[in-house]
Amino acid sequence: MSIAIEATGLSETQRQIVDLAREFARTRIEPHAAEWDRTGYFPRDVLDELGRLGFLGMCTPEAFDGMGLDTLTYFLALEEIAAADASIAISVSIHNAIPTTMLVRHGSAAQQERWLRSMARGERLAGFALSEPESGSDAGALATRAVRDRDGWLLSGTKAWATNGGTADLMVVMARTERGISAFIVPTDVPGYRPGRPEDKMGLRASNTVAIALEDVRLPADHLLGEDGQGFRYAMEGLDVGRLGIAVQAVGIARRALEHAVAYCAERRQFGAALREFEAVQFKLADMATRVEAARALTHAVAGRIDRSEGFTTQASMAKLFASETAMWVTTQAVQLFGGYGYMRDFPVEKLFRDAKVTELYEGTSEIQRIVIARGLYPRG
Ligand SMILES: Cc1cc2nc3c(=O)[nH]c(=O)nc-3n(C[C@H](O)[C@H](O)[C@H](O)COP(=O)(O)OP(=O)(O)OC[C@H]3O[C@@H](n4cnc5c(N)ncnc54)[C@H](O)[C@@H]3O)c2cc1C
């Protein structure tokens with residue numbers, strides 16, 4: 001069996017997209033990922049190349065210059081990128097999932113023409129700023145304010161841990177107005193938009209994660225996305241899709257750790273035999289492979305629900321919870337199988353182990369996913 005995505009059962013389009021993503025990941029991402037991790041370098045040029053290939057508009061309708069792919073094909077491509085480097089995958093995932101979804105569903109025709117088209121063509125990289133220093137899981141408690149200013153808006157506040165915040169061309173920023181929480185399109189070159197220094201993180205070190213100070217950011221009226229006061233609902237819709245991107249990212253991380261472990265256990269010899277000959281090792285590898293397969297299957301099942309226009313909030317949380325805990329567990333086992341070498345930066349599983357952790361934290365921690373899932377069990381409660 002193949003640990004990677006198998007070609008059988010894929011349509012011709014899916015096979016082509018997977019091949020393109022895999023080849024790009026193999027040649028343009030993976031050879032550099034360890035170096036980017038060491039230096040904390042965000043390779044914007046690689047994102048631009050992915051954009052030119054269409055990977056920043058995977059599910060965006062073709063009418064807006066996107067690829068118009070179904071969700072499953074998007075997940076297949078994202079897994080290839082995540083298996084090569086989770087830092088690149090998170091930029092691709094957030095851009096495709098949250099600002100893009102919000103613009104497709106709620107943007108005006110003029111906003112779609114102006115912003116969505118260039119995002120889908122990869123000419124503009126986008127991010128999403130919801131979290132704040134005092135409101136993470138309790139995102140609805142955000143304090144950033146937007147007040148009406150002549151015929152536009154004035155934004156002030158502080159955002160925390162915004163992915164792409166220092167490198168994107170535009171951010172969808174959530175702020176409180178008189179009517180509730182609203183979403184704003186904020187070009188990052190507007191006066192008063194001040195990204196902080198990139199955070200010094202445990203993993204995902206090549207991803208750009210910054211605090212953003214919004215100091216009287218003046219925006220024209222047409223930068224309000226959708227209806228005033230409805231932004232939190234739009235953000236939660238975007239996060240449902242975003243969470244699945246994290247589930248796919250986790251599957252990619254876990255799959256690569258398993259691939260490394262399988263190869264290593266065939267080569268490394270102790271007590272006169274390859275590690276793969278020991279039953280305890282075989283059982284560990286079997287459990288790792290089973291969980292990777294299960295996490296991928298669960299995530300793909302939710303892709304089917306999206307493409308059939310069925311509800312998927314609870315299932316997205318299940319997939320994100322299961323896949324992220326799988327990534328953490330599988331990478332832990334991979335480090336164990338590598339022994340002391342697994343603890344060394346020269347070997348790849350150490351980075352995968354560090355990268356896995358964040359999947360249990362962002363776009364809703366595992367505890368928040370369990371709350372969402374439990375709520376789904378009592379729909380009227
Ligand atoms: C690398 C990285 C990138 C990120 N990118 C973005 C981004 O692009 N945009 C953005 O808006 N945000 C981003 N975030 C923020 C991320 O979404 C938050 O960190 C996350 O939502 C958790 O919020 P918090 O860190 O404030 O933790 P807290 O909410 O303070 O939670 C701390 C602990 O308490 C638990 N907890 C909280 N409430 C409950 C409860 N009711 N019941 C049980 N347990 C609870 C949590 O599960 C957690 O274990 C990013 C974070 C990281 C680390």
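Strand S1 (126-129), strand S3 (152-163) and helix H10 (366-377) each give at least two residues to the shell around the ligand; helices (H or I, at least four residues) and strands (E, at least two) are DSSP runs, numbered from the N terminus. This is a predicted model, where local features need pLDDT of at least 70, side-chain atom pairs count only at pLDDT 80 or more, and totals for chains, interfaces and linings use all residues. Residues are numbered from 1 along each chain as its sequence is written.

**Ligand shell**
- Gly136, Ser137, Thr163, Thr365 and Glu367 come nearest among the 22 residues around the ligand, where being near means a C-beta atom, placed from the backbone, within 6 Å.
- By class, the shell has 11 nonpolar, eight polar and three charged residues; Ala, Val, Leu, Ile, Met, Phe, Trp, Tyr, Cys and Pro count as nonpolar, Asp, Glu, Lys and Arg as charged, and the others, Gly among them, as polar.
- Domain 2 (126-228) and domain 3 (233-377) each contribute at least three residues to the shell.

**Domains**
- Besides these two, the chain has domain 1 (12-120), with bounds from an automatic or database domain assignment.
- The C-alpha centres of domain 2 and domain 3 are 30 Å apart.
- Their contact takes eight residues from domain 2 and eight from domain 3, counting residues whose C-beta atoms, placed from the backbone, lie within 7 Å.
- On the domain 2 side, five of these residues are nonpolar, three polar and none charged.

**Helix packing**
- In H1 (residues 12-39), residues including Ile17, Ala21 and Ile29 belong to the contact with H3 (residues 71-84), which includes Leu76 and Ile81.
- That contact has 11 nonpolar, three polar and four charged residues.

Methods
Axes are lines fitted to C-alpha atoms, for helices over the stretch in contact, and angles run from 0 to 180 degrees between N-to-C directions. Two residues are in contact if their C-beta atoms, placed from the backbone, lie within 7 Å.
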